Amino acid sequence: MRKKIVILLFFIMSTCICIPFIHAANKAENAGLAETVHQSVAHEAETDNASGHESATAAVHHAPHIDGKDLSLLWALPFLGILLSIAIFPLLAPHFWHHHYGKVSLFWGLVLFIAFTIGFGPNTSFFYLVETYLGEFIPFITLLLALFTVAGGIRLKGELVGTPRLNTLLIFIGTFLASWMGTTGAAMLMIRPVIRANEWRKHKIHVIIFFIFLVANIGGSLTPLGDPPLFLGFLKGVKFFWTTTHMLPIMGVATVILLALFFVIDTIYYKRETERPATLPGGAKIAIDGKANFILLAGIVGAVIFSGLWHSDINNPADVAITAWGTGMLTKGTLAQVIILLTITVLSVKITSKETRDGNGFSWAPIIEVAKLFATIFITMVMPIAMLKAGVDGPLGAIVSQVTADGQPVNKAFFWATGALSSFLDNAPTYVVFFNTAGGNAAQLMSELPQTLLAISAGAVFMGANTYIGNAPNFMVKSIAEESGIPMPSFFGYMLKWSIPILIPTFILLTLVFF
Amino acid sequence: MEKKYYELVLEGDYNAINGLLNGFLLGKNHDWTFYFSKKAGVKTETLIEVIADWISMKNKIHHIIMEDVFYKELRKAVEKYNKPLKIKSKFVNLNYIKSAKLIKKAHLNFKAITYGRQHAAEMKFLLKNIPAGIVLQNYKPVEKVVKDVKGVELYAPEHEYTFEASGTLVGNIGTMIDLKQKLDDYPLIEADKIHLKF
């Protein structure tokens with residue numbers, strides 16, 4: 001009975017929320033702006049010019065297309081709804097969120113999809129659904145699945161003693177690994193050894209805080225594997241090693257500053273410890289379980305690089321693996337990447353012992369969460385991106401004009417705007433929003449506006465550390481630390497005592513140096 | 001027989017007072033106990049005292065918890081030193097003792113939370129084995145187990161196990177100060193300041 005009432009309420013709410021969208025869509029359609037089934041010769045030529053690709057053929061096809069210029073702002077509501085749900089529910093209603101986050105996500109997804117289908121027609125809505133899931137969501141989730149499975153199959157064991165030197169070294173190793181196995185993978189691999197090493201210490205909260213700063217966030221900035229925003233950039237055409245070469249200086253400076261500060265703080269706290277463990281450094285034995293997963297990790301890196309080099313041009317019919325509505329949906333390179341990553345995932349499951357995974361506290365829950373939430377994020381993101389692509393004249397023109405001056409991007413503004421939003425909303429969609437605000441053309445951003453792309457990338461990745469909700473691994477690390485008896489600060493305690501006094505001055509310094 | 005304690009309010013330089021008290025103990029060859037309230041986590045200061053403390057550049061108000069025998073011997077000695085000789089020492093003077101009140105009882109409120117079973121067991125043990133002279137009142141332990149937690153989660157974290165407790169510890173101030181130090185060493189228990197009743 002209760003279930004029936006919930007379902008009924010769900011449909012009533014969906015209908016109520018859909019009505020304004022349908023109204024907005026009808027208005028747009030009446031104005032002749034909604035669905036324009038257009039000859040995509042012009043569209044493709046435009047894309048090719050902008051991206052610098054030379055299209056082999058400009059096939060005439062009938063891809064539905066929405067023009068973001070005259071869309072109502074209401075269309076951005078489901079996107080905001082899912083992002084705010086992710087940000088607010090874990091803090092205000094964690095129990096409800098834990099049990100119903102999938103339904104909440106489905107709700108926002110359905111609100112958008114139903115309204116979109118009614119407003120723009122099933123042809124357009126299914127086109128965007130297929131394009132989004134095939135072209136972006138599936139490559140995205142298979143990468144995260146592979147990284148998560150492989151990283152969860154590696155376990156660092158050993159009797160370590162948390163001295164300032166060792167703690168700094170462990171955080172440094174985690175920071176380095178984060179770029180190659182993802183912030184979640186590196187955090188999962190390193191957090192338990194770090195906690196075990198510091199079990200004897202009374203003052204250890206700061207160790208976990210700096211671990212969140214560096215391993216769970218800043219460390220993931222060197223490759224598209226490091227953090228989801230950068231992989232979305234890669235899917236949109238940012239070269240794999242562009243990220244590495246351009247992010248290295250800013251990431252290096254941030255890491256050196258924070259590690260040096262950590263060493264000083266940890267040394268001060270270490271000196272306050274009244275009891276020291278019997279075995280001090282020297283007798284530490286370190287062992288790694290699941291070493292074969294390192295080979296698989298190299299396979300993931302190879303698969304992603306390969307997908308960017310082999311048959312990777314979606315505008316070239318020879319490179320396209322799957323076509324729908326006469327439009328390339330998935331390149332052969334990306335399809336190969338998906339197949340390789342799924343194979344690696346299965347291999348990792350097969351070769352890793354249960355003991356190793358149990359030692360890491362491994363479960364499939366985190367990846368299921370990501371899948372359920374990002375399935376909605378990706379589809380709801382279509383509308384704000386269309387609005388942003390319309391530039392200063394579009395419905396989100398206010399945002400665009402805030403980060404541009406005389407038509408040129410203001411890099412400082414991009415860094416802080418991307419960062420400020422990434423601090424409270426998930427950083428992956430935030431990155432995409434500002435990527436599109438800056439024009440959305442990867443080739444142009446890499447060649448003509450590299451500092452803007454750098455500002456967006458650094459803002460999205462670095463400032464996820466500003467709050468617990470800024471990046472998914474933050475919560476995971478907090479949760480593991482709390483279960484190990486470390487009294488982590490509250491949401492505001494984390495900000496007031498740690499992230500604002502330490503990270504904000506660091507980011508100001510980075511702004512002065514790099515932007 | 002339970003030790004009795006006085007709370008003294010002294011005005012003067014911290015080092016001078018500390019030196020006087022420690023010197024007195026050395027001279028008398030006794031190990032009577034005394035605590036500076038602020039350091040021991042005893043709530044003392046009124047708003048006026050805080051303001052006076054801020055305004056004052058030199059002399060500060062110090063609250064000191066002292067064994068009654070120590071206080072009585074000290075008072076006797078200072079009176080004896082001052083009166084017959086009719087001298088006004090800068091450091092040994094009754095005027096520096098602003099007040100002295102016998103402490104009847106002390107209490108502190110605490111709350112605790114943990115998400116690990118092992119830490120919960122430690123906490124329960126600690127609260128079950130409180131020292132003689134201290135009574136645990138209004139003890140409210142709550143244990144919660146969420147069965148469908150699937151390990152560590154990213155976006156919807158929930159702890160499989162939670163132990164929460166709050167309560168009030170009431171009893172002798174000397175024992176309470178020692179217990180508070182023990183609780184403060186245990187990071188999962190948040191102990192408030194000790195409140196005194198005269």
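Student: Which residue of β9(B) stands opposite A106(B)?

Tutor: A strand here is a DSSP run of E with at least two residues, a helice is a run of H or I with at least four, and both are numbered from the N terminus. Two strands pair if DSSP finds at least two bridges between them. In this case A106(B) stands opposite L196(B). The model is predicted, so local features need pLDDT of at least 70 and side-chain atom pairs pLDDT 80 or more, while totals for chains, interfaces and linings use all residues. Residues are numbered from 1 along each chain as its sequence is written, and chains are lettered from A, ligands numbered from 1, in the order in which they are written.

Student: In which sense do β5 and β9 of chain B pair?

Tutor: Strand β5 (residues 105-114) and strand β9 (residues 195-197) of chain B pair in the antiparallel sense, over 3 bridges.

Student: How many bridges does β5(B) have with β7 of chain B?

Tutor: β5(B) pairs with β7 (residues 161-171) of chain B over 9 bridges, in the antiparallel sense. There A112(B) stands opposite A165(B). Strand β8 (residues 189-191) of chain B also runs antiparallel to β5(B), joined by 3 bridges. In β8(B), A112(B) has I189(B) as its bridge partner.

Student: How do side chains lie along a regular strand?

Tutor: In a regular strand they alternate between the two faces of the sheet.

Student: What is the strand order in the open sheet of 4 strands in chain B?

Tutor: The order is β2-β3-β1-β4, with antiparallel pairing. β2 (34-36) and β4 (97-103) of chain B each have a single partner strand and stand at the edges, so one side of each lacks a neighbour in the sheet. From one strand to the next the twist averages 20 degrees; for such angles, axes are lines fitted to C-alpha atoms, for helices over the stretch in contact, and the angle runs from 0 to 180 degrees between N-to-C directions. Within chain B, β1 (residues 5-12) and β3 (residues 60-67) run antiparallel and are joined by 8 bridges. Y6(B) stands opposite M66(B) in β3(B).

Student: How many helices and strands are there in chain B?

Tutor: Chain B has 6 helices and 9 strands.
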